[in-house]
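User: I would like to learn how to read a few features of a model. Please take them one by one.

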Amino acid sequence: MTDIKITEVALRDGSHAIRHQYTVDQVRSIAKALNEARVPYIEVSHGDGLGGSTLQYGLSKTNELELVEAAVDAVDFSKIAVLLIPGIGTIEDLKEAEKLGAKMARIATHVTEADVSAQHIQTAKELGMETVGFLMMSHMAPTEKLVEQAKLMESYGADIVYVVDSAGALLPHEVRARIKALKHELSCDIGFHGHNNLSLAMGNSLAAIEEGANRIDGSIRCLGAGAGNTQTEALIAVLDRMGITTGIDLYKMMDIAEEIVAPILPKPQEITRDSLTLGYAGVYSSFLLHANRASEKFGIDSRDILIELGERKIVGGQEDMIIDVAAELASQKANV
Ligand SMILES: CC[C@H](O)CC(=O)C(=O)O
Ligand SMILES: [Mn+2]
């Protein structure tokens, strides 16, 4: 028994950072190595979950079900998880992934929209999958609303409900309040998924653990959207120093980060002015590369685009607004 169960998300959240260009060979070798390091859960999907490969979200190089199959074939210890956002992916996608051997379903909704997850959570349970309710953009709802939505997911059958800091905007005391309330009001396990845009992913993960979360997401070498997630190998080291067990081999994780993951990064995962703006403005981490493209196309500073998206409270699924906002800012600039 370990104290904290870690889900490694680089093969799903990291898909945003590499523009969904994972190959079967990359996924196979990373999954095999993570399995050898005894990572309990490895998430594999398009960055926006099953069915995400579209013009709106970004086309995948490889059909994600082939990636799921490669990951399943490469492991004999780790469980493969898939992410599904109702409306982007369907129940049929989930059934396909389960047939290929995925054992965990993470059903993700905007923090105020949990009711759209009912049939997906129920189906995942019927398929015998361990099932997560994943409340994205958790900074956008007060704690009482988050609790209400988490209770819905629990009532549909979720085994675990996650506070998801999609924008990396939550401050440690805000994480604490949310996790504490969920621990008090729910009976299922509670998880936390952070992004490092404000350099708070590690601190926030520790705050979540102190308040009773026992499921934490990490991305090796910070390979996640924006500035990445809580860096998995660093989290394992810190928890080990705290006397908290994860069951994961630290040296093996360090080697995977250095020798397998770092070489595939288009550039190192850092807190840049743009990723910092994501956290500062409370914008979806997955919007980063879309905003960079719009910035180049319209000659507008990506920070201005991101700040405006934050002010308009644009959420996942509204990626087309990134172009709209950039075009509007460009026309305002032309008219002054
Ligand atoms: C767009 C889906 C998103 O990347 C899911 C996630 O990891 C998050 O909200 O942080
Ligand atoms: Mn994420």
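**Domains, ligand shell and helices**

Analyst: The protein chain is assigned domain 1 (5-264) and domain 2 (273-334), with bounds from an automatic or database domain assignment. This is a predicted model, in which local features need pLDDT of at least 70, side-chain atom pairs count only at pLDDT 80 or more, and totals for chains, interfaces and linings use all residues. Residues are numbered from 1 along each chain as its sequence is written, while chains are lettered from A and ligands numbered from 1 in the order in which they are written.

User: How many residues does the contact take from domain 1 and from domain 2?

Analyst: Two residues are in contact if their C-beta atoms, placed from the backbone, lie within 7 Å. Here the contact takes 21 residues from domain 1 and 17 residues from domain 2. On the domain 1 side, nine are nonpolar, ten polar and two charged. Ala, Val, Leu, Ile, Met, Phe, Trp, Tyr, Cys and Pro count as nonpolar, Asp, Glu, Lys and Arg as charged, and the others, Gly among them, as polar. The domain centres, taken over C-alpha atoms, are 25 Å apart.

User: Which residues surround ligand 1?

Analyst: A residue is near a molecule if its C-beta atom, placed from the backbone, lies within 6 Å of it. The residues around ligand 1 include Asp13, Gly47, Asp48, His193, Ser285 and Ser286. By class, this shell has four nonpolar, six polar and two charged residues. Domain 1 and domain 2 each supply at least three residues to the shell.

User: What does UniProt list for "active site", and is that residue buried or exposed?

Analyst: The unreviewed UniProt entry lists His16; positions are in the numbering used here, feature names are shortened, and annotations may be inferred rather than shown by experiment. His16 lies in helix 1 (residues 14-17); helices are DSSP runs (H or I, at least four residues), numbered from the N terminus. A residue is buried if 20 or more other C-beta atoms lie within 10 Å of its own, exposed if 12 or fewer, and partly exposed in between, with C-beta atoms placed from the backbone. His16 counts as buried because it has 26 C-beta neighbours inside 10 Å. Beyond four places in sequence, His16 touches Gly47, Ala225, Ser286 and Leu289.

User: In helix 13, which residues are buried?

Analyst: An α-helix has 3.6 residues a turn, so residues three or four places apart point the same way. In helix 13 (residues 302-311), the buried residues are Ser302, Ile305, Leu306, Glu308, Leu309 and Gly310. They pack against helix 11, helix 12 (288-298) and helix 14 (320-334).

Technical notes: Helix = DSSP H or I, 4+ residues; strand = E, 2+ residues; numbered from the N terminus.
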